[in-house]
Amino acid sequence: MIENLDMALVNWSRGQFALVAFYHWLFIPLTLGMTYIIAFAQTIHVRTGNPEWERIAKFWAKLFGINFAIGVGTGIILGLEFGTNWSNYSWISGDIFGAPLAAEGILAFFLESTFVAVMFFGWGKVSKKFHLVSIYLVAFGASLSALWILVANGWMNYPVGMVFNPDNARHEMVDFWAVLFSPYAVNKFLHTITSGFVISSFFIVAVSAWYILKGRNLMLAKRSMVVAATFGLISSIFLATTGDGSAYWVAQKQPAKLAAMEGLYEGEEGAGLVAIGMLRPGKEIGDGQNAFIFKIEIPKLLSVLGYRNADAFVPGAEDLVLGNEAQGIMSAEEKIRRGRLALDALAGYKEAVALDDEAGALASRAVFEENYYYMGYGHLFDPNGIIPNVPFIFYSFRIMVMLGFAFIALFLLLLYLTVTNKLEENRWLLWVGIFSLPLAFLASMAGWIVAEVGRQPWTIQGLLPTMVSTSNINANAVILTFIMFAVLLTILVLAEYKIMLTAIRRGPDNKEKGGDNV
Amino acid sequence: MGKMLKGFLNSFVSIFVSGYQMFRRSRLARILLIIVVVKFLVFFGLLKGFLYPRFLEPHYESEQQQSEQVIRDFTTTHKPSEQ
Amino acid sequence: MTHLSSILWLLTWPVLIYVGYRLSVYMVKVFERNNSQDQVTD
């Protein structure tokens with residue numbers, strides 16, 4: 001069957017998923033975060049009765065509405081891809097992946113769409129309190145949909161709560177709560193939604209900064225800036241905290257990803273964290289070369305972050321590939337051998353069942369279960385293949401972390417200068433505020449690269465490599481749909497860009513002109 | 001209880017009326033509505049309803065057949081002898 | 001309760017929102033105080 005392992009199909013399928021996920025993620029962060037900021041503004045209005053705050057809430061709700069209308073449904077394409085390009089993966093994941101996704105669908109469609117309608121069309125039509133509750137329900141509903149998706153994603157990175165049924169080659173859920181409350185998944189959820197909060201805050205900061213630079217809608221812009229900078233500040237601090245949580249769980253469950261994030265080839269006790277560094281191009285596992293041309297390291301920090309112990313051993317790529325007996329790390333070659341035992345035993349089991357050979361089936365099943373944990377390694381040919389692309393992950397990780405910390409400082413500065421009414425004197429900072437929006441998207445895309453490219457070669461960590469996750473379909477079909485999606489989604493993004501810019505240029509409605517609030 | 005239900009229905013109707021008026025009044029709302037409708041027609045009608053099930057999804061007679069195919073993929077990819 | 005730490009960690013999300021709101025209200029108050037001489041509306 002190896003002749004069917006078509007790398008063009010695998011690569012195009014990966015490319016297509018990356019493309020659609022990238023576009024999807026251009027819309028999602030604003031949906032995740034803006035609703036909370038709109039809800040804050042409207043709460044202030046309901047509590048104080050100040051109509052200015054309702055005007056602020058309405059204006060951002062209009063921009064939110066544009067993003068929501070254009071972005072809604074882009075996730076459907078990802079769902080379609082699971083059924084086609086990744087049908088082996090979908091089959092093997094079974095109800096573990098399907099159940100959270102179905103829950104997401106129900107939540108997104110019923111909870112969100114119902115209350116989104118109240119939020120958009122309910123201004124002045126329903127009681128203020130009910131309207132406000134609806135805005136909060138949209139906000140929490142959006143985060144809840146994200147929870148289910150990220151639980152599914154968390155499971156792929158750290159599979160728990162299931163057993164593999166060799167009769168039908170599916171993972172069956174045995175512990176729903178273990179899947180839902182997987183610490184990896186919960187942390188991933190918090191890290192991802194807060195990144196959406198930060199991006200949304202920057203969206204509001206950027207638009208407000210532009211108004212202030214233009215001298216338009218000054219009070220609306222400044223008040224919005226106060227709320228967005230406050231929410232952005234605490235979100236970005238929380239983002240760093242959950243980022244620490246992510247690093248901890250990656251160290252526990254995906255040491256190869258951590259080694260790539262840090263460009264760590266030779267493991268060490270009391271490992272330092274590379275603050276800034278340049279990797280040596282062409283460095284290979286076991287070639288004895290220094291991995292870095294230069295680096296500035298914070299001593300022991302990697303051991304502390306990864307293992308909560310300053311002297312803990314952090315395995316490098318070489319330890320993971322070649323094995324390290326002293327640290328109890330099995331070599332990739334041995335894992336591959338065991339994985340093949342598992343796969344052969346699975347084949348033996350199926351044969352024995354077909355022949356009604358009960359004893360043979362039992363024996364094969366025992367061998368399979370003993371080696372099940374290494375099942376995915378059985379598909380690999382090259383032990384080095386367990387390490388993802390080091391430079392790509394290393395630099396993406398640094399871009400994300402550096403920008404993340406810069407954002408905390410920027411929010412702090414913006415907040416201080418806005419509340420002390422000195423913002424207009426610092427025009428350079430307003431420009432920084434505008435450019436921070438694309439930078440925030442860059443940081444979060446870099447984060448997704450670390451998470452998803454960093455988990456290669458796996459779709460399900462240790463159990464299923466990406467190359468076996470694809471379907472038996474023609475690569476040309478995937479190329480065709482790739483082009484189709486690229487065109488379709490580019491049109492949507494261009495529409496968003498144009499409509500959003502027009503709405504921002506028009507600004508909030510003047511009271512005498514009458515409503516144009518979506 | 002009856003009063004509450006009436007209030008709820010009134011809100012429901014007024015949201016519909018308000019939505020309708022907004023689409024009549026606001027060009028932006030109409031453009032967004034057209035985008036949503038066209039997009040959902042393409043996503044659900046064209047892609048999910050036609051293109052994918054007819055031409056793109058891999059076809060299996062039954063779940064049994066799919067599971068056999070997956071196990072075949074699973075247990076033979078690692079055998080260099082079949083390369 | 002094997003998942004207690006995860007549940008507590010998950011609950012930080014609504015706490016974050018609540019703290020975000022309270023802090024926003026406080027910051028708005030400070031802002032309005034510093035802006036009392038200026039315009040109140042656009």
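Reader: What is the average pLDDT of chain A?
Author: Chain A averages 88, and 97% of its residues score at least 70.

Reader: And where is the pLDDT below 50?
Author: Over residues 512-518 of chain A. Beyond near neighbours in sequence, that stretch still has 17 contacts in the model. Where pLDDT is low, the predicted coordinates should not be read in detail.

Reader: OK, overall form. How many helices and strands does chain A have?
Author: Chain A has 17 helices and eight strands.

Reader: What does chain A span along its principal axes?
Author: The C-alpha trace spans about 85 × 55 × 40 Å.

Reader: What radius of gyration goes with that, and what would a compact globule have?
Author: Chain A has 25 Å. A compact globule of 518 residues would have a radius of gyration near 24 Å, so the value for chain A agrees.

Reader: How much of chain A counts as buried?
Author: Of its 518 residues, 53%.

Reader: Which share of the contacts is between residues 24 or more positions apart?
Author: In chain A, 77%, counting contacts with a separation of 6 or more.

Reader: Switching to domains. How is chain A divided?
Author: Domain 1 is built from two segments, 7-254 and 391-506. Domain 2 covers 262-327, and domain 3 covers 332-383.

Reader: What separates the centres of domain 1 and domain 3 of chain A?
Author: The distance is 40 Å, with the centres taken over C-alpha atoms. The two domains are in contact, with 11 residues from domain 1 of chain A and 10 residues from domain 3 of chain A taking part.

Reader: Which elements of domain 1 supply at least two residues each?
Author: On the side of domain 1 that touches domain 3 in chain A, they are strand S7 (458-460), strand S8 (464-465) and helix H16 (466-469). By class, that side of domain 1 has 10 nonpolar residues, one polar and no charged.

Reader: Now chain B. How many residues are in contact between chain B and chain A?
Author: 37 residues of chain B are in contact with 44 residues of chain A.

Key:
Residues numbered from 1 in each chain as written. Chains lettered and ligands numbered in written order. Predicted model: local features only at pLDDT ≥ 70, side-chain atom pairs only at ≥ 80, totals over all residues. Contact = placed C-beta atoms within 7 Å. Domains from an automatic or database assignment. Helix = DSSP H or I, 4+ residues; strand = E, 2+ residues; numbered from the N terminus. Nonpolar A, V, L, I, M, F, W, Y, C, P; charged D, E, K, R; others polar. pLDDT = per-residue confidence, 0-100. Rg over C-alpha atoms; globule rule 2.2 N^0.38 Å. Buried ≥ 20, exposed ≤ 12 C-beta atoms within 10 Å, placed from the backbone.
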